[in-house]
Amino acid sequence: DAPKATESRGDSDGPRRGSLCDRHCTTINNVQGDLSDLGCHLHRPRVPAAMSPPSCCQQHSEEVCESCVVKTTLTAENVVEANKLSNNYKFGFKKWKSHVTARPWEDRSEIVKELYSDLNVIRGSGGSTVTCGNVLYLLLFGWWLSFLYVLVAAMMFITVVGAPYGRLCWDLAGYFLWPFGKVIQKVEVPKSHRALGACEAGAEASGAGESSALLGGPVPRRWRPWCWADGRHWQRAGAVVWLCLGYPMLVLAHGLVCVTAWLLVVLIPVAKLNARTATRVLLLPPEQVVVRRLRMTDVPLEGEVILCCYHAVNPYYYKYAVDGINVFAVNLLPLVLVTLVLGYVDSHNRLTSSPVKFTLALLSIMPLSYYIGMAIASISAQSNFAVGAVVNATFGSITELTFYITALIKGSREGNRCYAEIVKSALTGTLVGCVLFVPGLCMVIGGIRHQEQRFNSRSAGVSSALLFLSVGGVFAPTLFSKVYGKLVCGECHNVTQNPLGHYLCHNCHFDLMENNGTLYYSHVQPLVYTVSLLLPAAYLIGLFFTLKTHTHIYDIHISGCHMPGHHHSAVVHWSRWRALVILLLSTLCMSACADLATEHISPILTNSTISQYFIGVTVLAMVPELPEIVNGIQFALQNNLSLSIEIGNCIAVQVCMLQIPILVLFTIFYPTNFTLVFSDLHVYASMFSVVLMNYIFMDGKCDYFQGTVLVMVYFILLAVYFFAPSPSGC
């Protein structure tokens, strides 16, 4: 893989080709962490050809660097991010989460800066404010908020002493009906007019000609800021009436709008608008609040701008984060609390049914897996290599293992073999889904934007070899039982009425417990234990291969890529202690949700007409992996297909080489019905998926058609599981 030495092509041609190779390398590798807002690349200095080392592009007809195709480059903003990327990528764990450090404000794009604005910035002409999103605001919130302000204004006028607040509510009624292109301004009280008796003098001095070309029109008399002193305002009777009658009603309304808009994500500007109104505007003296429509002028505003909104909907708010946590994970966190309360308080299903509780428990796993991943990334990024390895190895698969172990314990207590079959189906579904569906979907979505995508074929080859080894090891006891086990059938019927004729048998399986289980305890069980020891050992050898002896395949290069003058220290979102506390709490909540899911899955398995195979392969297998699927899609859209493929491969390798051996080890200390003997359907589906994946990934490049093939094969296998009969004993 080393670049071939060639003759120099001249001083003028050398830098051009070297730069072109860099661009091709960047395009091919595209493994630079989360590049949604980073915008930094691995820069190499331009040097004369006589001084520079031989370029890898000079012997390639298409000027594509051959060594770049088989290498992976990581680029990070700071040391903490570099440590996180290095630890996660080297160990092959799937927790590709967002940044663990705060990004410098000056390095962010204008789109992201707008997401975090306080809606108090006046911009130039941005076109018409009549948009679909603004009309949606009018239909959802604007009309009834405006009507409520009219009612409150009438109530304030009736009290007489609250008339100033009534006039304020009347103006705010027009504002909230259509707040776009309007501004709410706080006018400061001049020190020379603090005295209450100076109102008239100030009014005469100001005259009727006081106006602002930007705000438009003269300033009304009631808005003269020197009429009431700030220190005496809250002692007036009108303020008391306002705080007792008008303000609580409006705060409840704004709170309802704020929560609803926040949950819808794209309407977060509306949530900010209502939150700032309830906490700032409505608490100001009415004489200090000015509501005006902006006009096309360059005259600046006099006073503080409190609110200025142009659009109600912003589709880029899916990037919004709160203290480093994605907004979707924040919004799903209350779902976990609702699930735990309903699950343990309503134990007799008086409020909700078991299917509803099972669905809530399953959905709660998604945000918890996100928090666990963020905590793992934060701890490993701020720790040394050994601590990062221990944390990843301990909690890397905690989400899946928690559910599997809880299900096996429940099945053992009830003496129900169906739970063990569900766990096997979930393991197989995770393997098949991460081998076919995850990379296939990423290829399709990424192929819509990019005609052809390349990835690190050598690193994919290492993962493929591990998959072949792991699948062969996991299904070796199954193949052994097929060869040496005795076929036992539940019932058989003679079709031809001839004792020597054909028989039609049902519910057939290979019996491993013949002669008091001699075959199983003497041959199959030792084989299972041997495989469970060899698979983790093979995984460690694979890590040693990528970390020590063949690091050139990955070429993990961490580079700080700051623009000149933008040097900054890393500011982490979560400290190590905070990340550890969140990790432990998320793990406890995960255990509780897994317990609720297994507790309420029994009615679904008993009363459902769908095969238990299908439930395990789809719902139980893929729902916990939804955050990783979303990450893979984001990388594919950024032309980072290498990361998308690594996500699927790492999950599949973990299933075979870590999760299954841990389950076998668990059965030694806590006997369950789980045996490492799978049905024929699981064996054929897994082996066919691995073979097909290796065939697709052979050339190191792909397009949307190859992704479509993988996705279609996955759906065909799902159809097979859907129409397959339920396993025996369920």
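Let's start at S532, which sits in helix α17 (residues 514-549); helices here are DSSP runs of H or I with at least four residues, numbered from the N terminus. With a relative accessibility of 11%, S532 counts as buried, a label that means under 20% relative accessible area, while exposed means over 50% and partly exposed lies in between (1.4 Å probe, protein chains only). Leaving aside residues up to four places away in sequence, S532 touches P661 and V664, where contact means heavy atoms within 4.5 Å.

A word on the model: it is predicted, so local features need pLDDT of at least 70 and side-chain atom pairs count only at pLDDT 80 or more, whereas totals for chains, interfaces and linings use all residues. Residues are numbered from 1 along each chain as its sequence is written, and side-chain values use heavy atoms, with hydrogens and water left out.

Now to the salt bridges, of which the structure holds eight; each is a side-chain nitrogen of Lys or Arg within 4 Å of a carboxyl oxygen of Asp or Glu. One of them joins K410 and E414, at 2.7 Å from N to O. These two residues are four apart in helix α13 (residues 398-414), and are therefore separated by about one helical turn. K410 is buried at 12% relative accessible area, whereas E414 is partly exposed at 45%. Together with E599, K410 and E414 are linked in a network of salt bridges.

Another salt bridge pairs K113 with E110, their closest N and O atoms being 3.9 Å apart. Here K113 counts as buried at 19% relative accessibility, but E110 is exposed at 60%.
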